[in-house]
Amino acid sequence: MLIMTEDTTALVNDDPRRVRDRTPVHQASYALHRDLAPWRRRQILALDAARLGDRALSARILATPVPGEPDAEWTVDWATGAQVDPRLRATIPVGPHSVEAATPIMIEGRPHIVSGDQGGTAFLWDATTGERVGGPMRCGDDETWVKAVATLEIDGRPHAVTAGTDEFVRVWDLTACKRVATYESPFRWVESLAAVAAGGRAYAVASYTNDGATNEGLIRCWGLPAGATPDCPDDEELAAVAAVVIDGRPHAVAGFRDGAVLVWDMATGAPTRRRPRGHDTAVNTVTPVVIDDRPHAITTARDGTAFLWDLTTGDQVGAPLLDPSERASRIAAVDLDGRAHALVLRRDNTLALLDLDTRREVIERLSLGPAESVAAAVIDGRPHAVVGHSDGTVRIWALRPLPADDPRIPGHRQMIESMATVDLDGRPHIAAGAFDGSIRIWDPVTGAPGATLKTDGLSADITHATFRLDGRPHAVITEGSSGTAAVWDLASGARVGDPFTTGSGHRTSISALATVTIDGRPHAALCTFNGGLYLWDLAARRWVGESSDSDEYWQQAAPVEIDGRPHLVTAALGGALRLWDLTTCGPVGDPLTGHDASVSTITTTTVDGRPHAVTGSSDQTVRLWDLTTGTQVGDPVTAHEWEVNAVAVGTLGGRRVIATGGDDHTVRLWDLATREQVGRDLNFTWKVFGVEILPDDRIAVAFGQEVAVLTRTA
């Protein structure tokens with residue numbers, strides 16, 4: 001049943017399994033919203049429309065009535081689009097388990113895909129319709145992973161070969177999804193699998209390790225579907241393998257842990273090409289590709305290098321394919337307009353299309369989300385990328401350039417770690433720091449992107465790290481594990497001065513920090529892994545205080561003023577809170593206990609004029625603390641189903657509320673006085689890492705790599 005996005009009633013209310021409108025709005029989060037109630041699905045669809053840059057469609061979706069449910073309580077003002085792409089053609093919901101392999105094959109002239117997952121099952125899918133064909137192909141018990149799938153034709157019939165984390169390789173006739181052969185291997189963990197048919201004979205070849213972790217490896221070959229087992233090299237240093245046709249005969253190409261590559265005839269077991277050692281580290285992947293009717297192979301190694309080899313001559317072709325810093329995890333070959341290209345799945349979960357002749361990327365990279373495998377398929381006469389994902393889906397992507405007027409708002413390239421509001425030009429702006437050390441800024445009203453800072457930090461936690469100096473917004477960012485931090489100007493994007501290292505010559509990693517005003521001057525309070533607390537005057541650029549080391553590992557910190565004196569609230573690894581007087585750098589009172597696990601986030605506020613702290617924890621609770629008495633206030637909030645990563649306090653609809661967000665993909669609002677939930681859950685497409693309450697009944701939410709601003713309407 002084909003439903004277009006103009007029919008928002010069907011889009012929101014009908015069973016998503018029957019609504020196959022083939023538009024990115026429906027497909028982007030299909031694996032998530034297909035099992036949600038319609039009112040929750042409405043939120044996700046509206047959010048995805050905004051992420052794709054269609055705010056008008058987002059508003060129409062939220063205005064769509066859901067029978068028996070109240071109107072939507074929020075509108076999406078804008079959202080970044082880092083993790084959505086208009087080139088998404090389809091999402092195939094395989095199941096609850098991570099899809100480790102998704103391999104195309106043509107059956108009766110139609111493209112199909114064979115998936116293998118961590119639930120021990122392979123499935124056959126029609127790549128055009130997204131529908132499953134035939135029954136499940138069980139490849140062991142529920143504890144078995146299907147890590148690799150190869151496809152080929154044997155005697156004119158389509159077949160699949162599967163292997164995983166048990167000792168067996170299975171051969172399947174795809175016309176009936178029936179197993180026709182099983183082979184046993186002495187090792188359990190397959191690393192790579194390939195199959196090839198040539199000269200009237202068919203073979204499979206696989207590489208193994210003993211347990212998926214050790215360096216002990218081997219290779220095995222099998223005649224298909226039930227032929228003799230041919231000889232193959234006996235080498236415990238083998239790492240990856242592929243299959244190709246050379247001069248009309250089936251061959252295998254293997255990469256070794258010393259960086260060498262070997263080619264041999266699978267019918268005879270005889271090596272046919274020398275072993276050039278092009279890589280300095282172990283080969284990770286081997287990918288066959290045909291260039292100018294000659295067989296070639298692309299190899300990648302652990303050091304990030306990637307080379308192209310002519311398998312006829314055994315020579316390396318041209319310069320390295322990739323910058324080693326790009327670090328490809330998987331590569332697939334694809335023909336685009338008669339030219340050989342490579343689909344490069346990088347470890348940052350982006351997909352690049354590389355021209356193997358020019359070594360240049362020919363389209364903008366696709367941002368995929370967590371991906372496990374990549375392959376190429378021709379669908380409707382055009383090449384597409386087929387990607388297996390850890391969320392239990394196979395996604396199909398059109399390999400075309402983005403439109404020149406792409407309306408998406410840029411987001412982060414890595415997961416967001418934290419979020420804060422900063423004053424720029426007299427107006428609050430949203431700043432989000434990511435795990436790659438970058439900071440991005442957006443106008444909260446329009447979503448217009450501001451400065452992007454690439455700091456020297458391994459991550460950028462700015463939750464309590466911003467301050468003003470000489471009238472300009474700044475942030476303190478830690479730099480790796482050296483115990484060093486630096487100041488960055490958020491308006492110019494430049495670092496200010498030299499980095500500084502925690503006091504007394506210690507070079508212990510900084511585990512938490514917060515900025516605080518003391519005597520009208522900005523300071524940075526830095527907590528270290530060895531339990532130390534150090535105070536740095538950000539204006540004078542000097543150390544002004546430190547505590548003695550303790551046995552605690554401080555994970556979080558937030559500033560608070562008590563009786564006119566600057567204090568710091570810290571959280572230790574086990575969940576206990578500690579209050580510090582920053583004029584003396586000494587602890588105040590006994591630790592505050594109550595959490596059963598580590599505290600993930602802290603904010604401070606006042607209740608009836610008294611200083612309080614709000615904490616969220618991996619024990620799935622939110623707690624309110626009176627910092628004057630050192631006691632917990634009331635019962636904890638226990639509605640979140642996973643770790644609570646973000647808390648904020650502010651005013652919405654004239655009521656003081658706590659906003660919380662966590663790993664369960666939700667944001668919830670709570671009355672500060674009663675801790676009763678206000679309104680319904682807000683649903684997002686990724687884990688929530690930051691929440692800020694803005695003026696005019698708005699909130700900003702950081703989830704995955706994205707930021708969105710929503711306005712309360714009810």
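Is Cys585 buried or exposed at 7% relative accessibility? Cys585 counts as buried. Keep in mind that this is a predicted model.

## Overall build

Let's start with the fold. The protein chain carries five helices and 55 strands. Its radius of gyration comes out at 28 Å, close to the 27 Å that the globule rule gives for 714 residues, so the chain is as compact as a globular protein of that length.

Now for the contacts. Take those between residues at least 6 apart in sequence: 44% of them join residues at least 24 apart.

Of the 714 residues in the protein chain, 59% are buried. The chain exposes about 27,400 Å², and carbon and sulfur atoms supply 47% of that area.

As for charge, the protein chain has 67 positive and 95 negative charges.

## Cysteines

There are zero disulfides in the structure. A disulfide is a covalent bond between the sulfur atoms of two cysteines, and the cut-off here is a pair of sulfur atoms within 2.5 Å.

Back to Cys585: the closest cysteine sulfur to its own is in Cys527, 10.0 Å away, which is too far for a bond. Cys139 is buried as well, with a relative accessible area of 2%. The closest cysteine sulfur to that of Cys139 belongs to Cys177, and at 11 Å this is also too far for a bond.

Methods. Residues are numbered from 1 along each chain as its sequence is written. This is a predicted model: local features need pLDDT of at least 70, side-chain atom pairs count only at pLDDT 80 or more; totals for chains, interfaces and linings use all residues. Side-chain values use heavy atoms; hydrogens and water are left out. Helices (H or I, at least four residues) and strands (E, at least two) are DSSP runs, numbered from the N terminus. The radius of gyration is taken over C-alpha atoms; the globule rule is 2.2 Å times the number of residues to the power 0.38. Buried means under 20% relative accessible area, exposed over 50%, partly exposed in between (1.4 Å probe, protein chains only). Contact means heavy atoms within 4.5 Å. Accessible areas come from the Shrake-Rupley method with a 1.4 Å probe; for residues, only the protein chains shown count as cover. Lys and Arg count as positive and Asp and Glu as negative; His and the chain ends are not counted. The place of a charge is taken as NZ of Lys, CZ of Arg, CG of Asp or CD of Glu.
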